[in-house]
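Dear colleague,

Please find below the structure that I am handing over to you.

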Amino acid sequence: MPTRPIQVKHDENIAIVSLNRPDVRNSLNAEMLQLMLSTFASLKENATVAGILVTGTGAFFCAGADIEAMRNMTPFEAGRFSQLGQDVMFAMESVGKPVIAAVNGHALGGGFELALACDFIVASRSAIFAAPEIRLGIIPGFGGTQRLTRMVGKARAKELIFTGDRVDSAAALNMGLVNRVYDDEALVGEGTVLLKTICSRGMLSLKMAKEIIGAGADVDLKNACMMERDAFAICFATEDQKEGMTAFIEKRPAQFKGR
């Protein structure tokens with residue numbers, strides 16, 4: 001049987017989603033993107049999955065969109081392909097669970113945009129990031145012009161997109177693009193441990209924090225803080241809030257139930 005281009009493995013309550021077309025450096029075609037959509041729809045509904053780690057099989061995280069598949073697209077076809085890619089990124093952001101990109105090797109073009117759609121990025125020491133679309137006569141189409149700007153600022157994003165230059169893991173860490181860097185062989189294991197730690201917190205408040213951070217980024221500070229206030233108040237209607245504060249007073253680990 002052919003190997004599935006998207007593989008999902010489970011480590012306790014963590015789903016590890018691997019891009020699995022190593023023969024073409026895990027490049028993204030329409031089939032891959034459709035599979036990512038269905039995969040994240042399934043993970044969103046799976047109550048046994050608390051967090052998601054996204055990585056690549058082999059030496060590449062993802063070399064970007066499949067250029068051979070794009071080369072002869074009409075503007076209409078290119079627009080549909082861009083919309084499909086953007087749908088995947090929004091599906092990742094709205095899955096309601098923490099999503100970490102574990103970038104092993106190169107994350108280029110659409111692969112870079114895929115990593116940017118995760119909550120944050122951890123990387124191997126050999127990781128390379130780039131938005132090289134300008135070298136192909138196009139621009140990022142899966143949300144990269146917007147998410148990269150929000151992550152590193154307008155001037156830095158312009159530099160990376162205008163030049164198409166590559167950035168190594170040390171530089172990515174320095175500019176705030178990457179949160180942590182691990183030895184290559186330890187990347188997935190360390191990323192999974194980090195995600196398990198995150199998912200041991202109150203899952204309702206974690207989901208709330210993710211939603212408020214995302215929504216607040218697009219409104220003014222006053223209204224964003226009002227959104228935070230309301231979400232903070234809602235937390236006090238949950239069993240997790242009662243358990244978390246009681247456990248703190250009783251000096252014991254909290255046993256959150258997600259209720």
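Two strands are taken to pair if DSSP finds at least two bridges between them. Helices (H or I, at least four residues) and strands (E, at least two) are DSSP runs, numbered from the N terminus. This is a predicted model, in which local features need pLDDT of at least 70 and side-chain atom pairs count only at pLDDT 80 or more, while totals for chains, interfaces and linings use all residues. Residues are numbered from 1 along each chain as its sequence is written, and side-chain values use heavy atoms, with hydrogens and water left out.

I begin with strand β3 and its neighbours. Strand β2 (residues 14-19) and β3 run parallel and are joined by six bridges; in this pairing, I16 stands opposite L53 of β3. On its pairing with strand β5 (residues 99-103), β3 is again parallel, here over three bridges, and V54 stands opposite A101 in β5. Together, β2, helix α1 (residues 30-45) and β3 form a right-handed β-α-β unit. Right-handed here means that, with the strands pointing away from the viewer, the path from the first strand over the helix to the second runs clockwise.

For accessibility, buried means under 20% relative accessible area, exposed over 50%, and partly exposed in between (1.4 Å probe, protein chains only). Six of the six residues of β3 (residues 51-56) are buried, so this strand is largely enclosed by the rest of the structure. Of these buried residues, G51, L53 and T55 point one way, whereas I52, V54 and G56 point the other way.

Between β4 and strand β6 (residues 106-108) the pairing is parallel, over two bridges, and C62 has A107 as its bridge partner in β6.

In helix α6 (residues 154-163), the buried residues are A157, L160 and I161. They cover an arc of only 90° around the axis, which puts them on the same side of α6; the arc is that of the directions from the helix axis to the C-beta atoms. A155 and F162, on the other side of α6, are exposed. The buried residues of α6 pack against α5 (144-152) and β9, where contact means heavy atoms within 4.5 Å. After α6 comes G164, with a positive phi near 70°.

Helix α8 (residues 187-199) has 13 residues and spans 18 Å from its first C-alpha to its last, close to the 18 Å expected at 1.5 Å a residue; the expected span is 1.5 Å times one less than the number of residues. The buried residues of α8 are L187, G191, T192, L194, L195, I198 and C199. These cover an arc of only 165° around the axis, which puts them on the same side of α8.

Finally, the cysteines. A search of the whole structure finds zero disulfides, a disulfide being a pair of cysteine sulfur atoms within 2.5 Å. The sulfur of C118 lies 11 Å from the closest cysteine sulfur, in C62, too far for a bond. C225 is likewise in no disulfide, the nearest cysteine sulfur, that of C235, being 15 Å away. C118 is buried, with a relative accessible area of 5%, whereas C225 is partly exposed, at 38%.

Yours sincerely
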